[in-house]
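Colleague: I am new to this structure and would like to learn how to read it. Could you take me through a few features?

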Amino acid sequence: MTTTVSSASPPAVPVPAAPPPARTGRNRAGKQLHGGWITYTVLILFTLGSLFPLVWTAIAASRTNTRLAETPPPFWFGGNLFSNLDTAWNDANMGAALLNTAVVAGTIAAGTVLFSTIAGFAFAKLRFRFKNLLLTLTIGTMMVPPQLSVVPLYMVVAKLEWTDQLQAVILPTLVTAFGVFFMRQYLSQALPTELIEAARMDGASSLRIVWHIVFPAARPAMAVLGMLTFVQAWNDFFWPIIALTQTGNPTVQVALNGLGRGYIPDQSVIMAGALLGTLPLLIAFVLFGKQIVGGIMQGAVKG
């Protein structure tokens, strides 16, 4: 008689669950990164330092020229802000200057974004002779100081009878070497070559590829380039002060230059004019700041 001995497995012993990891300021997958008090302190100090010039401009614009010359200078607002703003508005022809600057900066930004995107796409994805040489020459123009081109550029403007006209400021800066290089670097990584080849196989023309593929793919970089170009054109002073006059078609910077004339310039009125020239940029950033920052972050992720 054979006896079968059954070997019963021992009962499973429950293993205690591991305690959850302690919450720290380190970045983990799926969790948001939280900074400590040192990070917030540094950010607050940098924010206050960045806002100080704007606040000081507003304080100086609300005071008198005599009070600004005293020691110590004022550190709080006075009661002459609106009178100084009115004086700067009328003396500097600020209404026409703001309108002209909006037209100039908007046209330059739109033209730079359009032409730089097309040229950047050509240098990044198309094949043609002397491509590297042309790109090198384009980048090389960034090393030439703009002061060297003022005399021949003014001679051309005078020959065309464009002096004191807005096209004299707009046309020379409709495309920049920086914009072409910026868009070329972005499209080299953000735009797959296979997508362009597939569009070619489907019979799409070059214009259709640019409109339906290149522009949507380059939209974040185009937003960043447009913002940078608009701000630069708004604050440009060197060439507009040569090509334009305060009594004709001034931009904001040309108009502000007229406020500083005189035996004793009124610093409070100059600061009021500077405040008027800065407000449109601040309003634009408040209205479109979320889209601008989102375009920068999206471009950084794709790049």
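Predicted model: local features only at pLDDT ≥ 70, side-chain atom pairs only at ≥ 80, totals over all residues.

Colleague: Which residues make the nonpolar surface patch?

Modeller: Leu51, Leu54, Val55, Trp76, Phe77, Leu279, Leu282, Ile283 and Leu287 make a patch of about 830 Å². Helix H1 (37-61) and helix H14 (267-302) each give two or more residues, and H14 has the largest share, with four. Phe77 sits in the loop between helix H2 (65-68) and helix H3 (81-91).

Colleague: How many Å should H1 span, and how far apart are its ends?

Modeller: Count 1.5 Å a residue: the 25 residues of H1 should span 36 Å, and the end C-alpha atoms are 35 Å apart, which agrees. There is also a kink of about 35° at Phe52, shortly before Pro53. Further along, Thr57, Ala58, Ile59, Ala60 and Ala61 are buried.

Colleague: How many aromatic pairs does the structure hold?

Modeller: Five. For a pair, look at the ring centres and at the angle between the planes; over 60 degrees counts as edge-to-face. Trp211 and Phe215 have centres 5.9 Å apart and planes at 70°, so this pair is edge-to-face. They are four residues apart in helix H10 (residues 206-217), about one helical turn.

Colleague: Is Trp211 buried or exposed?

Modeller: Trp211 counts as exposed because its relative accessibility is 57%, whereas Phe215, at 14%, is buried. Another pair, Phe230 and Trp234, is tilted, with 35° between the planes. Here Phe230 is partly exposed at 23%, and Trp234 is buried at 4%.

Definitions and conventions: Residues numbered from 1 in each chain as written. Heavy atoms only, no water. Patch = residues over 30% accessible without salt bridge, like charges linked within 9 Å, V, L, I, M, F, W, Y side chains within 5 Å. Areas by Shrake-Rupley, 256 points an atom, 1.4 Å probe, with all protein chains shown as cover. Salt bridge = Lys/Arg side-chain N within 4 Å of Asp/Glu carboxyl O. Expected span 1.5 Å × (residues − 1). Bend = angle between axes of the 7 residues up to and from the residue. Buried < 20%, exposed > 50% of the residue type's maximum accessible area, 1.4 Å probe, protein only. Phe/Tyr/Trp six-rings, centres within 6.5 Å; stacked < 30°, edge-to-face > 60°.
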